[in-house]
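User: Can you walk me through this one? I'd like to start with the strands.

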Amino acid sequence: MNGKIEKYLHSLIPERTGLIKELEDFALENNVPIMEPEGIEVLLQILRLHHPQAILEVGSAIGYSAIRMAETLPEARIVTLERNEARIQQARANFAKADLLERITLIEGDALEAGPLVKEHGPFDIIFVDAAKGQYKRFFELFEPFLKDAGIIITDNVLFKGLVAENIEEMEMTRRKRALIKKIRDFNNWLHNHPHYDTVILPIGDGVAISKHRGDKNEKA
């Protein structure tokens with residue numbers, strides 16, 4: 001996105017206060033990855049339009065997105081997954097500060113092993129993926145069976161700071177980073193060619209993919 005337009009849009013976002021501002025400051029100071037301001041505003045607007053009652057979040061971090069979603073939708077229940085022990089403790093403390101422990105369920109452990117536990121809390125109206133980018137396709141395939149017929153899957157960081165559009169073979173970077181960029185590109189291509197989902201990527205924040213199922217999720221491929 002044009003830098004001036006991005007700066008302008010950022011200037012329109014209302015200033016956050018209280019616990020939300022505290023969490024944003026903590027994330028900035030401690031290099032904790034949370035959704036960028038423009039991206040979270042898009043996510044919250046989708047939620048307002050869709051009115052989901054049940055949301056699955058893959059990747060809690062310090063609980064920032066889960067709290068934003070819960071405060072935007074007072075009637076919704078949220079299940080969120082996190083494997084990092086320090087982040088788990090921080091998220092639980094933040095949920096308590098926000099008085100949201102009764103509406104946010106935090107499942108501890110590797111998301112790729114959490115299918116049976118997640119299924120117990122489903123089905124979900126919205127699935128929000130904001131975890132290990134190299135595992136996005138596996139997350140999608142693992143959790144989309146728990147999505148309701150009219151559900152939406154939202155995936156953050158799919159533009160990876162614009163690097164998906166660069167000629168990475170000519171750029172100086174580690175082999176691991178180059179491999180990660182290729183995985184994100186492959187995921188984006190796979191999403192756009194999925195036989196049962198319509199996907200659009202919004203160049204907001206770090207890139208937000210919105211995937212909507214085309215019909216009855218019980219139909220065979």
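**Sheet and two residues**

Analyst: Strand β1 (residues 54–58) pairs with strand β4 (residues 124–129) in the parallel sense, over four bridges. Strands, E, of at least two residues and helices, H or I, of at least four are DSSP runs, numbered from the N terminus. Two strands pair if DSSP finds at least two bridges between them. This is a predicted model, where local features need pLDDT of at least 70, side-chain atom pairs count only at pLDDT 80 or more, and totals for chains, interfaces and linings use all residues. Residues are numbered from 1 along each chain as its sequence is written, and side-chain values use heavy atoms, with hydrogens and water left out.

User: What stands opposite V58 in β4?

Analyst: V129 does.

User: What is the order of the strands in the open sheet?

Analyst: The seven strands run β3-β2-β1-β4-β5-β7-β6, with mixed pairing. β3 (104–108) and β6 (197–202) are at the edges with a single partner strand each, so one side of each has no neighbour in the sheet.

User: New topic: T155. Where does it lie, and is it buried or exposed?

Analyst: T155 lies in strand β5 (residues 147–156). T155 counts as buried because its relative accessibility is 1%. Buried means under 20% relative accessible area, exposed over 50%, and partly exposed in between (1.4 Å probe, protein chains only).

User: Which residues is T155 in contact with?

Analyst: Leaving aside neighbours within four places in sequence, T155 is in contact with V129, Y136, F187, G207, V208 and A209. Contact means heavy atoms within 4.5 Å.

User: And R68, buried or exposed?

Analyst: R68, in helix α4 (residues 64–72), counts as buried at 10% relative accessibility.
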